[in-house]
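Morning, everyone. Please have the sequence and the model open while I talk.

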Amino acid sequence: MNQHVPRLDNGERQQQKSERITDGVRLTDVKPLSDIPALWRIGAVVATQIMGVLALIVALYFGRTILLPVVAGIIVGVTLSPVVKIGARAGIPAAASAILVVVLAITVIGTVVTFFAAPLPEWIGRAPEIGQAVQEKLHVFDYPLSVLRDIKNAIMPAAASGPTVVVEQNPAEMFGAALVVITPAVSQFVVFIATLIFFLATSNTLRQKLVAAFVTRDGRLRMMRIWNDIEHNLVSYVAVVTLINIALGIVTAAMLYLIGFPNPLTFGLLAAVLNYIPYLGSAIVALVLFGVGVVAMPSLLQAALAPALFVAIATAEGHFITPSIVGRRLTLSPFLVFLALAFWTWLWGPVGAFLAVPLVIVCYVVLGHLWPEDESSLPG
């Protein structure tokens, strides 16, 4: 008896050939890889690049003791180099101009530090009074804190308390610990000042040697453009941001004066200085204003008024005023700035936070010249 076998057309036969059943799973169009060597080459290149980036990050982290002051000195030197050029046009030697600029910068920094330190003795002398005032104003949080404390004790009961052990601190040990902290900071500051002076005094010679190190004419022109654009963009960015920060400090001081906040000039200057750090600087100022307000103002509502007004001012400055003044040429991606701020703060601490945006600008300039695009703006 003949069985009827269905006939398949060419399309159905091709579909059956391209399908395979493996452990109940249907696999369609199963073909062996034909470009395995190319995939291995791509994987090797990617792995090499990742290892190179990780090695660079490790080197930056463990070498931060010397790299941090050197990089900071170079960045500040590039920013201040136009002043040395003006002195050279006036007939002042580069070395004398560099020393004069550094002395002036140290004087400005010392004046700012002295201005911040002036109210400290008064606040330290009022420590008992301040502690009592803070305790009275924060009593509204006693009940929520007690509830959290009860929950913590219920989840993790405290161990039976034993006899209290009093540890006396030797003054010599305290002095040694303070010396361990201060000595690296002083040495890094010395390296920073030395780097700044030598860079300012020899920047023109260094530029000529870097340009001359390239053999081809295109290479020399590219190096010259990179140097000039780095200097131009850094100077433009720092100059514009400095003017904006001064205006922000003045507005903040006026606002604090009008609401009766203590030491408005000090906190206005603090806002102007910390605004060089995007996002994080404004957050620190707001926290400081709230902390001082808790001590100095009669109620928590009045204590929250100053930081709330400052956040409004800083938001208007950061999202509307600065972009309209700076323009597209110097506007950086907010997400990129945030990532750079987080990375350099983790890597090099507070100084890395100050250097985050200038380093992003340098990377933009260098990458823009090495891999140019048809329509791009520098930086941003």
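Predicted model: local features only at pLDDT ≥ 70, side-chain atom pairs only at ≥ 80, totals over all residues.

Aromatics, then. How many aromatic pairs does the count come to? Eight. I will take two of them.

Start with F343 and W346. Their ring centres are 6.1 Å apart. That falls inside the 6.5 Å limit for a pair. The planes sit at 50°, so this pair is tilted. Where do F343 and W346 lie? Both are in helix α13, which covers residues 334-370. They are three residues apart, about one turn of the helix. F343 has 29% relative accessibility, so F343 counts as partly exposed. W346 comes out at 54%, so W346 counts as exposed.

Next pair: W344 and W348. Here the ring centres are 5.0 Å apart, with the planes at 50°, so this pair is tilted. W344 and W348 also lie in α13. The spacing is four residues, again about one turn of the helix. Buried or exposed? W344 is buried, and W348 is buried too.

Now put these residues together. R64 lies over the face of Y61, at 4.2 Å from the ring centre.

R64 takes us to the helices. Two packed helices are described by the angle between their axes and the distance between the axes. Keep both numbers in mind.

First, α3 against α13. Helix α3 spans residues 64-89. The α3 and α13 axes are 10 Å apart, and the packing angle is about 45°. That makes α3 oblique to α13. The handedness of this crossing is left-handed. Which residues meet? On the α3 side we have R64, L67, L68, V71, A72 and I75. On the α13 side they face L347, W348, V351, L355, P358, L359 and V362.

Second, α3 against α9. Helix α9 runs over residues 217-258. The α3 and α9 axes come within 9 Å and cross at roughly 90°. The two helices are therefore roughly perpendicular to each other. From α3, the contacts use I75, V78, T79, S81, P82 and K85. From α9, they use I230, E231, L234, V235 and V238.

Last, the two single residues. V76 is in α3. Its relative accessible area is 27%, so V76 is partly exposed. What does V76 touch, leaving aside residues up to four places away in sequence? F192 and L196. V76 and P358 are 282 residues apart along the chain, yet their C-alpha atoms are separated by 9.5 Å.

Then S97. S97 sits in helix α4, residues 94-117. At 5% relative accessibility, S97 counts as buried. With residues up to four places away in sequence set aside, S97 touches V84, G87 and I92.

That is my tour. Questions, please.

Conventions:
Residues numbered from 1 in each chain as written. Heavy atoms only, no water. Phe/Tyr/Trp six-rings, centres within 6.5 Å; stacked < 30°, edge-to-face > 60°. Buried < 20%, exposed > 50% of the residue type's maximum accessible area, 1.4 Å probe, protein only. Lys NZ or Arg CZ within 6 Å of the ring centre and 35° of its normal. Contact = heavy atoms within 4.5 Å. Axes fitted to C-alpha atoms, helices over the stretch in contact; angles between N-to-C directions. Parallel < 35°, antiparallel > 145°, perpendicular 65-115°, else oblique. Left-handed = near helix turned anticlockwise from the far one by under 90°.
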